[in-house]
Amino acid sequence: MNELKKSFYDRVLKIRDVDEDLVDELSKMKLAVVGLGGLGADISAALVKNGFRYFKLIDPDILLYTDVYRGVNFKSDDTGYFKVEVVKKILERLASDVEVIIYPQTLTDFNIDRLFRDVDLVIDATDNIYSKALINRYSVSRDIPVIYTAVKDNKGVIIFLEPDKTACFECFHPDIEDVDDGYINGYGFQYIYSIVYSIASSEVTSYFLGYDPKLHGSMVRVSPNLDIEINYLSKNPQCRICSSKAAVEYPDFDYQYFLKGDTFIYTSDERVRLDIERLSRELAKKHILFRRGDAGVFFEYYGNIRVGVSYSGTVVVIGVTGFDEGVSTTRRLVEDMLYQFVID
Ligand SMILES: [Zn+2]
């Protein structure tokens, strides 16, 4: 460990029995964070402070005003930017040597291998059961530990699982395909989010420092008044995901087009690149550009519809009445406007 780092972690290195080399190793671990709302953002920020330096951030969505209170590090004027871009800036402010790669796109069955192939641990902070199942199935097939987090109805959940050593996510959620509404509402006070991010970041750090992470293989439920329930999750010997090492079949869900509340999200399946610079000039000329960031643009389309477009071809349409309006609006956007900005 170099002198600068030694002085940064002075109070850590003085802890009795702490291994300096292991603290140094944290910076070499590659973490993927899926879902960059309040939870994903603050878990990542806490991990930077604990010594991690390499992050892949994956989320197709735009940060809205209603998201701001949940993340300790979010500010009102971060709204309208892609969440991955907002969090990248937060992490870069926390440590100058952090390496953050952003993916303003949905995690799908066609990009998961490319995104997770080289990571040491995945942090799931997504808001739906399908993404958790997708992550679980990949993690089982490639032996990657995952920490799952969520907030629902002012309760927090943290589950830390590792293939072979613990149950898998589907040992106790065995019928993913039968779930009708797989969304986790995210309703909760900020303090519930803070408790979840604290526990999750402590587990991840303990794991890499070689401490026995207390919650490894367990589900922790946190309710208001610090009512904490910890249940060990047994491996289900009949689990169709982890009991055999059969080829992975991903959950039957369309990750490429989906509706979440009044937001419709489309992720391009090819490695499309859009000329965001030129697109933003065009939108500014029409006086409809709201934000231009490194990851993309956010603008008013018509009526109450607002649209985010990333350089990688993700289209986020906010304010639609349903799936069909999401599809038709996205199609119109691509045909009337976006195709002109594709870089060959
Ligand atoms: Zn299982």
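Reply: Two strands are said to pair if DSSP finds at least two bridges between them. The model is predicted, and the part to start with is an open sheet of six strands, whose pairing is antiparallel. Reading across this sheet, the order is β9-β10-β14-β13-β12-β11. At the edges stand β9 (257-260) and β11 (289-292), and each has a single partner strand, so one side of each is left without a neighbour in the sheet. From one strand to the next, the twist averages 15°.

One pairing can be followed in detail. Strand β10 (residues 263-266) is joined to strand β14 (residues 315-318) by four bridges, and the two pair in the antiparallel sense. Within this pairing, Ile265 is found opposite Val316 in β14.

The protein chain is divided into domain 1, which covers 3-232, and domain 2, which covers 257-341. Taken over C-alpha atoms, the centres of the two domains are separated by 27 Å. Domain 1 gives 15 residues to the contact and domain 2 gives 16 residues. On the side of domain 1 that touches domain 2, nine residues are nonpolar, four are polar and two are charged.

There is also an open sheet of eight strands, in the order β3-β2-β1-β4-β5-β6-β7-β8, and its pairing is mixed. Its edges are β3 (99-103) and β8 (227-232); each has a single partner strand, so one side of each is left without a neighbour in the sheet. Ignoring direction, neighbouring strands of this sheet are turned by 15° against each other on average. Strands β1 (residues 30-34) and β4 (residues 121-124) run parallel and are joined by four bridges. Leu31 has Leu121 in β4 as its bridge partner.

Helices also pack on one another. Two packed helices are described by the angle between their axes and the distance between the axes. For helix α4 (residues 38-50) and helix α5 (residues 83-94), the axes come within 10 Å and cross at roughly 20°. Angles under 35 degrees count as roughly parallel, and α4 and α5 are therefore roughly parallel to each other. The crossing in which α4 passes α5 is right-handed. On α4 the contact is made by Ala41, Ser44, Ala45, Val48 and Lys49, and on α5 by Val87, Ile90, Leu91 and Leu94. Sorted by class, the contact of α4 with α5 has seven nonpolar residues, one polar and one charged.

Helix α4 has a contact with helix α8 (residues 190-209) as well. Here the axes come within 9 Å and cross at roughly 45°, and α4 and α8 are therefore oblique to each other. This crossing of α4 and α8 is right-handed. From α4 the contact takes Gly38, Leu39, Asp42, Ile43, Ala46, Leu47 and Asn50, and from α8 it takes Tyr193, Val196, Tyr197, Ala200, Ser201, Val204 and Thr205. In the contact of α4 with α8, nine residues are nonpolar, four are polar and one is charged.

Notes
Residues are numbered from 1 along each chain as its sequence is written. This is a predicted model: local features need pLDDT of at least 70, side-chain atom pairs count only at pLDDT 80 or more; totals for chains, interfaces and linings use all residues. Axes are lines fitted to C-alpha atoms, for helices over the stretch in contact, and angles run from 0 to 180 degrees between N-to-C directions. Angles under 35 degrees count as roughly parallel, over 145 as roughly antiparallel, 65 to 115 as roughly perpendicular and the rest as oblique. A crossing is left-handed if the near helix is turned anticlockwise from the far one by less than a right angle, and right-handed if clockwise. Two residues are in contact if their C-beta atoms, placed from the backbone, lie within 7 Å. Ala, Val, Leu, Ile, Met, Phe, Trp, Tyr, Cys and Pro count as nonpolar, Asp, Glu, Lys and Arg as charged, and the others, Gly among them, as polar. Domain bounds come from an automatic or database domain assignment.
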